[in-house]
Amino acid sequence: MATATTVSQLQNHVGQTVTLAGWLYNSRSTGKLLFLLVRDGTGICQCVLEKTDANAEQFQRARQLAQEAALEVDGCVAADERAEGGFELSVSAVRPVHASDGYPITPKAHGVEFLMKYRHLWLRSRRQWAIMRVRATVVDAIRRYFNERGFVLIDTPILTPAAGEGTQTLFELDYYDDKVYLAQTGQLYVEAACMAHRKVYCFGPTFRAEKSKTRRHLTEFWMVEPEIAYADLDDVLALAEDFVCEIVARVLRDHRAELKMLGRDIAALEKVQRPFDRITYSEAADLLRGDRVREMLERELANAESRVAELRKSIEEKETQRTAPGTKKWKAEKLAREVADQREELADREDDVRNIPEHRELAANFNWGSDLGGSDETIIARLHDKPVFVTHYPAGCKAFYMKQNEADRRLVNNLDLLAPEGYGEIIGGSQREDDYDVLLQKIRDEGLDPKDYDWYLDLRRYGSVPHGGFGLGVERTVAWICGLKHIRETIPFARTMGRIYP
Ligand code: 4AD
Ligand code: MG
């Protein structure tokens, strides 16, 4: 009798005959041998069926199973270092469970728009599988981090009567003839709760109606927001630093295989250790306008230009080879996939060649007082090989609730954490304005109605103390940790400006 097990448990069954229940990821045959790549949700295992006189009919049926057909296989487990996952099955029986004719996602290259349309199926693909597992661990690491350190979970509302992060990015809803909004942040509510529990956090979906199509923006994303009473900017910085190191360490501990599958540079993640560099906004502004940045961008431009030339040449050669008479079908398919990958990289490098001069201009002419743009963040982060804090922004480019700096009243006590390798801001946070009069004035200056914020002002009427916190975006963090180009692959069903299906 074969024991039912899963791919993730094969190490406990070496030498035994087991049953795997899963789906056919891919298959190929040499005539005498049939290689079935079976995925069962816990992993992928190569299952090899040898043709004999006795099993010819079964061999033929198994050979005709289509990609993503559901099936059961019985087989004996052997350890094999070269095999994906480290084990292989020599198959004694294959039982079809359900057919899968014309599965739309084939091993050939597909465009991302196509894949996003089939997101419900794309989730089964190897890379997407790896990303979702990393995401689940990041979410678990976040919850554990706060739960194990005495933070109390406060679930904040999703329907909110007023803006928390500026009025430009609100999704509006009709609430029994009143206007309400989808929450952009739970922060204002955790500020209330931290005066009750001292250390709290909220964690849930947040919404931004930005008309932004960048690879860093979702309209619905998950944010965790800790908030602590009796805390100043330094306390918030220390918490953010420790927290990010813990998350990365946990993924490195549990998901080396997935990171390898994703082609992630693991050494770069291993550098994520305390302490992170800290620079002020004004220092960042000077850097942007300085020689070091100009020279770095000139180097990057030269590199991008030579890579473009290299890729064009290589694509041309591969195409010639692919279409040459006598090229075997499998070889042509392999070349087609390589060309598709190279074309994708080429498009990126061509973008670089177009964009770097523009980014250089923006940096050189950076105006003290404006917010750092996406390209400015990327440039600052490139100068560091681990996350870097930028603190003390001009009040004008940040939210109304941030604490005014005492030494320089033009500034606020805030922090942004920029991830390395061009991933941009993953954390935004601050000490909060705890002075009633200053906060009231800022609400007015922002053009907000103080009546809407009366409850929030109460927090400054009754036992106001220094407090602060931050928000970390799960998807940007996962994109960075996994080394993904676009944030849309980090959430099971992405909501972006251009897509809400499936
Ligand atoms: O900097 P943000 O807007 O800060 C806040 O919302 C504060 N209320 C947080 C706090 O202090 N409690 O957003 C925080 C983080 C960003 O650094 C980014 O990681 C993520 O949320 N984020 C987005 N992620 C994906 N798509 C978007 N449109 C995002 N906007 C913000
Ligand atoms: Mg921000």
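## A first stop: E300

Let's start with one residue, E300, which has its place in helix α10, the run of residues 291-323. Keep in mind that everything here comes from a predicted model.

What does E300 touch, once residues up to four places away in sequence are set aside? The answer is I356 and R382. With R382 there is a polar contact too: the two side chains meet at 2.9 Å.

R382 gives us a handy way onward, as helix α12 covers residues 374-382. Before looking at that helix, here is the sheet. Eight strands make up an open sheet with mixed pairing, and their order is β7-β11-β12-β17-β16-β15-β14-β13. At the edges sit β7 (152-153) and β13 (277-280), each of them pairing on one side only.

Now zoom in on one pair of neighbours. β12 and β17 run antiparallel, and five bridges join them.

Helix α5, made of residues 187-197, lies across β7, β11 (199-207), β12 and β17. Relative to β12, helix α5 runs at about 30°.

Helix α12 packs on the sheet as well, and the strands it touches are β13, β14 (388-391), β15 (414-419) and β16. Its direction makes about 75° with that of β15.

## Where the ligand sits

On to ligand 1. There are 24 residues around it, and the ones that come nearest are E165, Q187, E225, E425 and I426. By type, the shell splits into eight nonpolar, eight polar and eight charged residues.

Which strands each supply at least two residues of this shell? They are β12 (220-229), β16 (424-431) and β17 (467-473). β16 gives the largest share, with five residues.

One nitrogen atom of ligand 1 is 2.6 Å from an N or O atom in the side chain of E165. The side chain of T185 also has an N or O atom 3.0 Å from a nitrogen atom of the ligand. For I426 the backbone is involved: one of its N or O atoms lies 2.9 Å from an oxygen atom of ligand 1.

Is the ligand buried or exposed in this model? Taken alone, ligand 1 exposes 630 Å², and the protein buries 95% of that.

Technical notes
Residues numbered from 1 in each chain as written. Chains lettered and ligands numbered in written order. Predicted model: local features only at pLDDT ≥ 70, side-chain atom pairs only at ≥ 80, totals over all residues. Heavy atoms only, no water. Near = heavy atom within 4 Å. Polar contact = N/O pair within 3.5 Å; in protein donor to acceptor, adjacent residues only side chain to side chain. Areas by Shrake-Rupley, 256 points an atom, 1.4 Å probe, with all protein chains shown as cover. Helix = DSSP H or I, 4+ residues; strand = E, 2+ residues; numbered from the N terminus. Nonpolar A, V, L, I, M, F, W, Y, C, P; charged D, E, K, R; others polar. Pairing = 2+ DSSP bridges. Contact = heavy atoms within 4.5 Å. Axes fitted to C-alpha atoms, helices over the stretch in contact; angles between N-to-C directions.
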